[in-house]
Amino acid sequence: MMSNDDTKRGSGILNSLKKLIFEDDQPQQSQRPQTPSAPAPNAIPNTPFKEPSYSPAPPTTGKTPPPIPITANDGTTDLKEMKLKVYAILEKLNEQGVDFFEVWNAAAAMGKVEENTLKAAYTSLKFVDSSLSKEKLIATGTNYANKLKETIVKESEQKQAEKRKTEQDRTMEIANLTAEIKTITENIAKLQDDLQKKQLALGQINEKYEPRIKDIEQKINIGNAAVDEVVTEINTALRMINQSIT
């Protein structure tokens, strides 16, 4: 964070860089560099911006970077939107005083970050903070870059762990579903076999019971016939008795 004296100047910190994110695909318009404390530089050649190389031994800072939301589960996949998130983290990392952070943003405010705008921003802001130097710019810029790298490495490791867990969950669910499908398939096969057996049994039901039914009917008929004959014999005997015995 910056000091109270720099509050007004820093109220829109990185706004220029954020704006450039959405303008970098449009044709660059010729703009005059504008800085609060230095005259405008000569016309700025439209040369491509070269990313600076970083020193392996950055200066330390007392600030611990907050979690970078680039690994947040908010559905963000657009690179420009993600860069806005990273810039927001840089704002929280900003150290007190004038350093690379302010020079970078001031150069962006001139229309494009390149050699001429960086030099103009540096010259202008050196009037605000006489301690500003090339060495300070390189040291603080390297520190900011490395802080971001350290944080994304940690969060990438967390995301890799989350990815592995998700893959394990997927593998387990595939195994469970495969086992359930196998069981259901086996049950279906057994039910189909049982169905065939039942259908066969149903088709043979008449063949199974018809002989027994006919046998019962035959016994009923024979029984009735036998009773009829015996009753007839009894009636015949009764008539003889009635006629011959007085």
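Predicted model: local features only at pLDDT ≥ 70, side-chain atom pairs only at ≥ 80, totals over all residues.

Analyst: **One threonine and the helices around it**

Residues are numbered from 1 along each chain as its sequence is written, and side-chain values use heavy atoms, leaving out hydrogens and water.

Is threonine 117 buried or exposed? Threonine 117 has a relative accessible area of 0%, so it counts as buried (under 20%; exposed is over 50%, partly exposed in between, with a 1.4 Å probe and protein chains only). Its C-alpha atom sits 9.1 Å from that of valine 103, a residue 14 positions away along the chain.

H5 covers residues 115-126 and H4 covers residues 100-109; their axes come within 8 Å and cross at roughly 125° (axes are fitted to C-alpha atoms over the stretch in contact, with angles from 0 to 180 degrees between N-to-C directions). H4 and H5 are therefore oblique to each other (under 35 degrees is roughly parallel, over 145 roughly antiparallel, 65 to 115 roughly perpendicular, the rest oblique). On the H4 side, the contact is made by Glu102, Val103, Trp104, Ala106 and Ala107; on the H5 side, Thr117 is joined by Leu118, Ala121, Tyr122 and Leu125 (contact means heavy atoms within 4.5 Å). By class, the residues of this H4-H5 contact split into 8 nonpolar, 1 polar and 1 charged (Ala, Val, Leu, Ile, Met, Phe, Trp, Tyr, Cys and Pro are nonpolar; Asp, Glu, Lys and Arg charged; the others, Gly among them, polar).

Now follow H4 over to H6. These two helices pack at an angle of about 90°, with axes 8 Å apart, and that makes H4 roughly perpendicular to H6. Val103 turns up again here: with Phe100 and Phe101 of H4, Val103 meets Leu137, Thr140, Gly141 and Tyr144 of H6. The H4-H6 contact has 5 nonpolar residues and 2 polar ones, with no charged residues.

The axes of H3 and H6 come within 11 Å and cross at roughly 120°, which makes H3 oblique to H6. Tyr144 is part of this contact too: together with Lys147 and Leu148 of H6, Tyr144 meets Val86, Ile89, Leu90 and Leu93 of H3. The H3-H6 contact residues divide into 6 nonpolar, no polar and 1 charged.

So what ties the helices together in the middle? Look at the largest nonpolar core, a set of 20 residues in which Leu90, Leu93, Val103, Ala121, Leu125 and Leu132 touch the most other members (a core is buried Ala, Val, Leu, Ile, Met, Phe, Trp, Tyr and Cys residues joined through side-chain atoms within 4.5 Å). H3 (79-93), H4, H5 and H6 (134-203) each supply at least two residues of this core. The largest share, 6 residues, comes from H4.

Finally, zoom out. The protein has 7 helices and 0 strands, and buried residues make up 24% of its 246 residues. Among contacts between residues at least 6 apart in sequence, 75% join residues at least 24 apart.

Conventions: Helix = DSSP H or I, 4+ residues; strand = E, 2+ residues; numbered from the N terminus.
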